[in-house]
Amino acid sequence: MKPKPTHGGKRANAGRKSTGATTVSRSVSMPVRTWAALDAAREGQPRGVFIAAKLGLHRPKIIFPKP
């Protein structure tokens with residue numbers, strides 16, 4: 001009897017383990033002049049952080065301890 005192949009296909013405990021965390025991404029399209037005005041106003045903050053704060057979307061990062 002031939003041994004079971006160990007490469008390819010589904011294997012128990014193979015792959016990345018889930019951390020339970022998910023990420024949400026968004027895309028924003030604006031004219032070049034609007035981006036320039038935003039960049040001048042954000043004073044060194046990352047664009048995403050600045051826009052989220054202006055829209056009231058900023059939520060504190062919560063880190064859950066691993067069980």
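Contact here means heavy atoms within 4.5 Å. Helices (H or I, at least four residues) and strands (E, at least two) are DSSP runs, numbered from the N terminus. With those terms, what covers the buried residues of helix 2 includes helix 1, residues 32-41. The model is predicted: local features need pLDDT of at least 70, side-chain atom pairs count only at pLDDT 80 or more, and totals for chains, interfaces and linings use all residues. Residues are numbered from 1 along each chain as its sequence is written, and side-chain values use heavy atoms, with hydrogens and water left out.

Start with the whole chain. The protein chain has two helices and zero strands. Of its 67 residues, 7% count as buried. Buried means under 20% relative accessible area, exposed means over 50%, and partly exposed lies in between (1.4 Å probe, protein chains only). The chain exposes about 7200 Å², and carbon and sulfur atoms supply 58% of that area. Accessible areas come from the Shrake-Rupley method with a 1.4 Å probe; for residues, only the protein chains shown count as cover.

Now look at the helix pair. Two packed helices are described by the angle between their axes and the distance between the axes. Helix 1 and helix 2 pack at an angle of about 90 degrees, with axes 10 Å apart. Axes are lines fitted to C-alpha atoms, for helices over the stretch in contact, and angles run from 0 to 180 degrees between N-to-C directions. Angles under 35 degrees count as roughly parallel, over 145 as roughly antiparallel, 65 to 115 as roughly perpendicular and the rest as oblique. The two helices are therefore roughly perpendicular to each other.

Which residues meet? From helix 1 come Trp35, Leu38, Asp39 and Ala41; from helix 2 come Arg47, Phe50 and Ile51. By class, this contact of helix 1 with helix 2 has five nonpolar, no polar and two charged residues. Ala, Val, Leu, Ile, Met, Phe, Trp, Tyr, Cys and Pro count as nonpolar, Asp, Glu, Lys and Arg as charged, and the others, Gly among them, as polar. Within helix 2 (residues 47-55), Phe50, Ile51 and Ala52 are buried.

Charged side chains come next. Side chains of opposite charge can pair when their charged atoms come close. A salt bridge is a side-chain nitrogen of Lys or Arg within 4 Å of a carboxyl oxygen of Asp or Glu. By this rule the count is two. Arg42 pairs with Asp39 at 2.9 Å, N to O. Asp39 also forms a salt bridge with Arg47, with the closest N and O atoms 2.7 Å apart. These salt bridges share partners and join Asp39, Arg42 and Arg47 into one network. Asp39 is partly exposed, at 28% relative accessible area. Arg47 is partly exposed too, at 36%.

Turn to the backbone. Most residues other than glycine have a negative phi. Glu43, in the loop between helix 1 and helix 2, has a positive phi near 50 degrees. Glu43 counts as exposed, at 74% relative accessibility. After helix 2 comes Gly56, whose phi is positive, near 75 degrees.

Finally, find Thr19 in the segment before helix 1. Thr19 is exposed, with a relative accessible area of 65%. Thr19 and Lys66 are 47 residues apart in sequence and 8.9 Å apart in space, C-alpha to C-alpha.
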